[in-house]
Amino acid sequence: MGDSRLGRIGVVLAVADVDSTVAFYRDVLSFDVDAVFDAPAYAILSRGSMRLSLAEAGHRADDLPDYEMTRPSDHHRPSAMLVIETDDCAALVADVRARGAAPVSEVYRPPWGGARAFIADPEGNLIELEELAG
């Protein structure tokens, strides 16, 4: 890498409905909405040091003509998932539930410590809520 400086790391998810997915991350997981664009629909959200962008699925970008952001055909076979760290997994799951989202799994406490649970956004993208062992 040499002298290159890196900024924060983020992820772009292809979604069918940018507006409802923005509402989920804003209302359920308390992300800030930094920008929303039309034609094609695109949004930039952030929480802490995480940047999350939501792109209208199927839209080709002029600067990447050989690529197309698509949604997974089977959300039960994800190639990636978001991971959000928390200091209290059970409390976060209760908060998510109170905000109207149903967890995909209940809190699991593995033998090595910590805890985790899973939720999914309206598009079916898997999100791990992880409490690190400490």
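Analyst: Phe37 is partly exposed, at 44% relative accessible area. Here, buried means under 20% relative accessible area, exposed means over 50%, and partly exposed lies in between (1.4 Å probe, protein chains only). Tyr42 is also partly exposed, at 24%.

First, some ground rules. This is a predicted model: local features need pLDDT of at least 70, side-chain atom pairs count only at pLDDT 80 or more, and totals for chains, interfaces and linings use all residues. Residues are numbered from 1 along each chain as its sequence is written, and side-chain values use heavy atoms, without hydrogens and water.

Now the rings. The structure has three aromatic pairs. Rings of Phe, Tyr and Trp (its six-membered ring) pair if their centres lie within 6.5 Å; planes under 30 degrees apart are stacked, over 60 edge-to-face, and the rest tilted. Phe24 and Tyr25 pair edge-to-face, with 5.2 Å between centres and 90 degrees between planes. Both Phe24 and Tyr25 are buried. Phe37 and Tyr42 make a tilted pair, at 6.5 Å and 45 degrees. Phe24, Tyr25 and Phe31 form one aromatic cluster.

Next, helix 1, residues 18–27. Helices are DSSP runs (H or I, at least four residues), numbered from the N terminus. The buried residues of helix 1 are Val18, Thr21, Val22, Phe24 and Tyr25. They span an arc of only 160 degrees around the axis, so they sit on the same side of helix 1. That arc is taken from the directions from the helix axis to the C-beta atoms.

Definitions and conventions. Helices (H or I, at least four residues) and strands (E, at least two) are DSSP runs, numbered from the N terminus.
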